[in-house]
Amino acid sequence: MKNEMTPRGWIRKFGLAFSGLAWAIRSEGSFAVHLPAAALAFSGAALLQFDYGRWSVLILTIGSVIVAELFNTAIECLAKAVDDQPNEHIRIALDIGSAAVLTSSLFAVGVGFFLFWQPFWFWWSPPLAN
């Protein structure tokens, strides 16, 4: 089947991508943690009036966690399709996928600390009296 680069073909590709995203969000329990955490981060950034640079880093950081989770979910689905019996190679691949999500999440917490610390401190601290 030829891959056509027509508007209809692109609409179909986007539809399939959004369908995959919706399926992952509905079926993968980790999104129940990642999405509220992202909403909390966005709310905090709005409250602290992040500048464009901080917003950019925040969006990229949240995006990296979501993308890692989507890849991990894809690996899990593929592993179930390939073999339903215990398989050491599949177990290792699944563990590595989970490690990718954990690593991106831990880095996101670190980035979040650096993004939020100074604006939060200025927001929380009363102005100095002269």
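View 1. At 40% relative accessibility, Asp95 is partly exposed, a class that lies between buried (under 20% relative accessible area) and exposed (over 50%), judged with a 1.4 Å probe and protein chains only. This is a predicted model, in which local features need pLDDT of at least 70 and side-chain atom pairs count only at pLDDT 80 or more, while totals for chains, interfaces and linings use all residues. Residues are numbered from 1 along each chain as its sequence is written, and side-chain values use heavy atoms, with hydrogens and water left out. The side chain of Asp95 meets that of Arg91 in a salt bridge (2.6 Å, N to O); the term asks for a side-chain nitrogen of Lys or Arg within 4 Å of a carboxyl oxygen of Asp or Glu. Both residues sit in helix H4, 4 residues apart, or about one turn of the helix. Helices here are DSSP runs (H or I, at least four residues), numbered from the N terminus.

View 2. Because Glu88 and Arg91 are 3 residues apart in helix H4 (residues 88-124), about one helical turn separates them. Glu88 is partly exposed at 47% relative accessibility, and Arg91 is partly exposed with a relative accessible area of 39%. Salt bridges link Glu88, Arg91 and Asp95 in a network, and the structure holds 2 salt bridges.

**View 3. A nonpolar patch on the surface.** Meet Phe113, Phe114, Trp117, Trp121 and Phe122, which together form a nonpolar patch with about 690 Å² of accessible area. Such a patch joins nonpolar side chains (Val, Leu, Ile, Met, Phe, Trp, Tyr) within 5 Å, from residues with over 30% relative accessible area and no salt bridge. Areas come from the Shrake-Rupley method with a 1.4 Å probe, and for residues only the protein chains shown count as cover. Phe113 lies in helix H4 and is partly exposed at 48% relative accessibility.

**View 4. The largest pocket.** About 340 Å³ of space lies in this pocket, an open set of points on a 1 Å grid over the protein atoms alone where a 1.4 Å probe fits, with protein on both sides within 12 Å along at least five of seven lines. The volume is the space filled by probe spheres set on the points. The pocket is lined by 18 residues, and Ala37, Ala38, Ile62, Ala108 and Val109 lie nearest its centre. Helix H2 (31-47), helix H3 (52-82) and H4 each give two or more residues to the lining, with H4 giving the most, 7 residues. Lining residues have an atom within 4 Å of a point. They divide into 14 nonpolar, 4 polar and no charged; here Ala, Val, Leu, Ile, Met, Phe, Trp, Tyr, Cys and Pro count as nonpolar, Asp, Glu, Lys and Arg as charged, and the others, Gly among them, as polar.

Methods
Patches are made of residues with over 30% relative accessible area and no salt bridge: like charges are joined within 9 Å, nonpolar side chains (Val, Leu, Ile, Met, Phe, Trp, Tyr) within 5 Å.
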